[in-house]
Amino acid sequence: MSFSAGAEIPSILHGGYHYPLTRLWQAERQLTKETFMYPIFITDNPDDEVEISSLPGQKRWGLNKLEGFIGPLVRKGLRSVIVFGVPLAADAKDETGSKADDVNGPVIQSIRLLRSKFPDLFVAADVCLCEYTSHGHCGHLREDGSLDNPASVQRIAEVAVAYARAGAQCVAPSDMMDGRIKAIKQGLIDAGLAHKTMLMSYAAKYATCLYGPFREAAGSAPGKGDRKAYQLPPSAAGLGRRAVLRDLAEGADAIMVKPANAYLDIISETARIATDVPIAAYQVSGEFAMIHAGAKAGVFDLKQMAFESSESILRAGARIILSYFTPDFLDWLSENTNQPAPPIEQIIPEAGGVPGDKLP
């Protein structure tokens, strides 16, 4: 028997990923149903079920429709949701976002309903003022139009504590005010809730053009100006690191990067410096919509790209993915689990066959 010396030993890689199972073993993390947190939009019209034109397959839900929508997903394995309020009443918005923690508002009412009807579902609440301010910004404004950061932080902390009191197991401030994590953490401690409320910071949240469909869904576009003075500049990796380290020092229990697919380097860097907390990443509305648009144009297969885009987020270092694909993955991951093993002739190519012609 002779052995070829034509290739160096370290250059032979194919044997390690020739079969479906060995390819799975190459992944450092696997997508599971527990990976996904589903963003849902709740309005103050109890019977609403309104399609969001720029977010394929997504709707705004009224409280009376929520149980019927979420129930089947829970039975398929849905483990967590994050709630966004979409107030539509004429008096729902004012200069200071005073209705954000209204006990009769969509967020607090939906938290209570979900916790009551689905006790095993993990319920997170997005914390921001933009949906409730008449100017559409995420905090209070000064007379010159700039942010009043101290007043904004105080209000954001009040809202976060109110959501925790209503039963939210996680509060996730997305406002990007300086110092709000410390204020929320102290508020949770003072309220006796810090021991059972995860504080997930949107720490590295970038001022991107990819939020357009979300702003339609939540009715949260700023009426004047933009959010570039408080969300991070897209090219600023250093500011992302500083924001992550700051929020960790202020008591964040988990760190989020937003967007996800366009910011894989930020996810990777966050995973490197925030080694002791879970890393979340939000595949935002624009990323989701682009994948659907590409699939509709025949550029790629929707399911394959949904998997590839999500697996890349895991590969970069995230453990939690906020994704509008969550309902799809509840089905897809069940299909993968229930699939029978392929026949052996599909796995082992016949002698003399063309390489790859019978590979799975």
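A salt bridge is defined here as a side-chain nitrogen of Lys or Arg within 4 Å of a carboxyl oxygen of Asp or Glu. The model is predicted, so local features need pLDDT of at least 70 and side-chain atom pairs count only at pLDDT 80 or more, whereas totals for chains, interfaces and linings use all residues. Residues are numbered from 1 along each chain as its sequence is written, and side-chain values use heavy atoms, with hydrogens and water left out.

**View 1. Salt bridge between Asp91 and Lys99.** The side chains of Asp91 and Lys99 meet at 3.5 Å, N to O. Asp91 is exposed, with a relative accessible area of 51%, and Lys99 is partly exposed at 27% (buried means under 20% relative accessible area, exposed over 50%, partly exposed in between; 1.4 Å probe, protein chains only). A search of the whole structure finds 17 salt bridges.

**View 2. Salt bridge between Arg79 and Glu34.** The closest N and O atoms are 3.2 Å apart. Arg79 lies in the loop between α2 (63-76) and β4 (80-86) and Glu34 in the loop between α1 and β1 (36-43), so the pair ties together parts that are 45 residues apart in sequence. Helices (H or I, at least four residues) and strands (E, at least two) are DSSP runs, numbered from the N terminus. Both residues are partly exposed: Arg79 has a relative accessible area of 40%, and Glu34 has 48%.

**View 3. Salt bridge between Asp178 and Arg246.** Here the closest N and O atoms are 2.7 Å apart. Asp178, in the loop between β6 (170-173) and α5 (180-190), is linked to Arg246 in helix α7 (residues 237-249), 68 residues away. Shared partners join Asp175, Asp178, Arg180, Arg246 and Asp247 into one network of salt bridges.

**View 4. Aromatic pair of Trp61 and Phe69.** Rings of Phe, Tyr and Trp (its six-membered ring) pair if their centres lie within 6.5 Å; planes under 30 degrees apart count as stacked, over 60 as edge-to-face and the rest as tilted. By this rule the count comes to 14 aromatic pairs. Trp61 and Phe69 are stacked, at 4.1 Å centre to centre with 15° between the planes. Trp61 is buried, with a relative accessible area of 8%, as is Phe69, with 17%.

**View 5. Lys258 and the rings of Tyr211 and Tyr282.** The charged end of Lys258 sits over the ring of Tyr211, 4.8 Å from its centre, and over that of Tyr282, at 4.7 Å (NZ of Lys or CZ of Arg within 6 Å of the ring centre and within 35 degrees of the ring normal).
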